[in-house]
Amino acid sequence: MRKNLPVTLQARTFRESERLISTTNLKGQITYCNDAFVAISGFTREELIGSPHNLVRHPDMPEGVFGHMWDTLKQGKAWMGIVKNRCKNGDYYWVNAYVTPIWENGQMVGYESVRVLPTADQIRRADVMYTRLREGKRAVPV
């Protein structure tokens with residue numbers, strides 16, 4: 001798994017009305033990104049386009065979360081989840097991500113991700129669950 005460093009303990013956020021939008025090809029390389037995504041990530045558009053989307057993956061994110069996402073997407077289904085992303089300078093930001101396959105002429109050609117600001121409760125629950133997963137525990141206690 002990609003381990004993007006350095007990381008800081010500095011949280012960043014964006015306006016509730018903003019949508020962070022990006023598309024990728026089937027290999028996960030960014031083919032489009034809107035201004036809001038460029039701004040929060042700290043990367044330039046030129047650095048983002050053509051790069052793997054996991055460029056913004058925060059090392060606190062458990063591998064299994066993205067494994068589940070990719071398994072779901074490859075089946076042609078949409079995926080939704082709370083994700084902690086890393087900015088270029090190491091700061092982080094949370095998103096509520098909705099990722100869908102892009103279809104053209106009956107063929108899956110890529111993926112689109114629309115991310116909105118999660119609630120404080122969604123972040124708190126995800127942080128607890130992801131900590132448990134990183135510790136090798138079940139996501140939710142029995």
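Helices here are DSSP runs of H or I with at least four residues, strands are runs of E with at least two, and both are numbered from the N terminus. The model is predicted: local features need pLDDT of at least 70, side-chain atom pairs count only at pLDDT 80 or more, and totals for chains, interfaces and linings use all residues. Residues are numbered from 1 along each chain as its sequence is written, and side-chain values use heavy atoms, with hydrogens and water left out.

**Exercise 1. State which residues UniProt assigns to the PAS domain, and describe that span.**

Step 1. The unreviewed UniProt entry places "domain: PAS" at residues 21-76. UniProt positions are given in the numbering used here, feature names are shortened, and annotations may be inferred rather than shown by experiment.
Step 2. Residues 21-76 are 41% helix and 16% strand, and the end C-alpha atoms of the span lie 19 Å apart.

**Exercise 2. Count the disulfides and explain the result for C33.**

Step 1. A disulfide is a pair of cysteine sulfur atoms within 2.5 Å.
Step 2. The closest cysteine sulfur to that of C33 belongs to C87 and is 14 Å away, which is too far for a bond. C87 is likewise in no disulfide.
Step 3. The count is zero disulfides.
Step 4. For accessibility, buried means under 20% relative accessible area, exposed over 50%, and partly exposed in between, with a 1.4 Å probe and protein chains only. C33 is buried at 1%, and C87 is buried at 1%.

**Exercise 3. Count the aromatic pairs and classify each by its geometry.**

Step 1. Rings of Phe, Tyr and Trp (its six-membered ring) pair if their centres lie within 6.5 Å; planes under 30 degrees apart count as stacked, over 60 as edge-to-face and the rest as tilted. The count is two aromatic pairs.
Step 2. The ring centres of W70 and Y111 are 5.2 Å apart and the planes meet at 80°, so this pair is edge-to-face. The pair links distant parts of the chain: W70 is in helix α3 (residues 63-74) and Y111 in strand β5 (residues 107-116), 41 residues apart. W70 is partly exposed at 26%, while Y111 is buried at 4%.
Step 3. W94 and Y130 are stacked, at 6.4 Å centre to centre and 15° between the planes. W94 lies in strand β4 (residues 92-104) and Y130 in helix α4, 36 residues apart. W94 is buried at 9%, and Y130 is buried at 5%.
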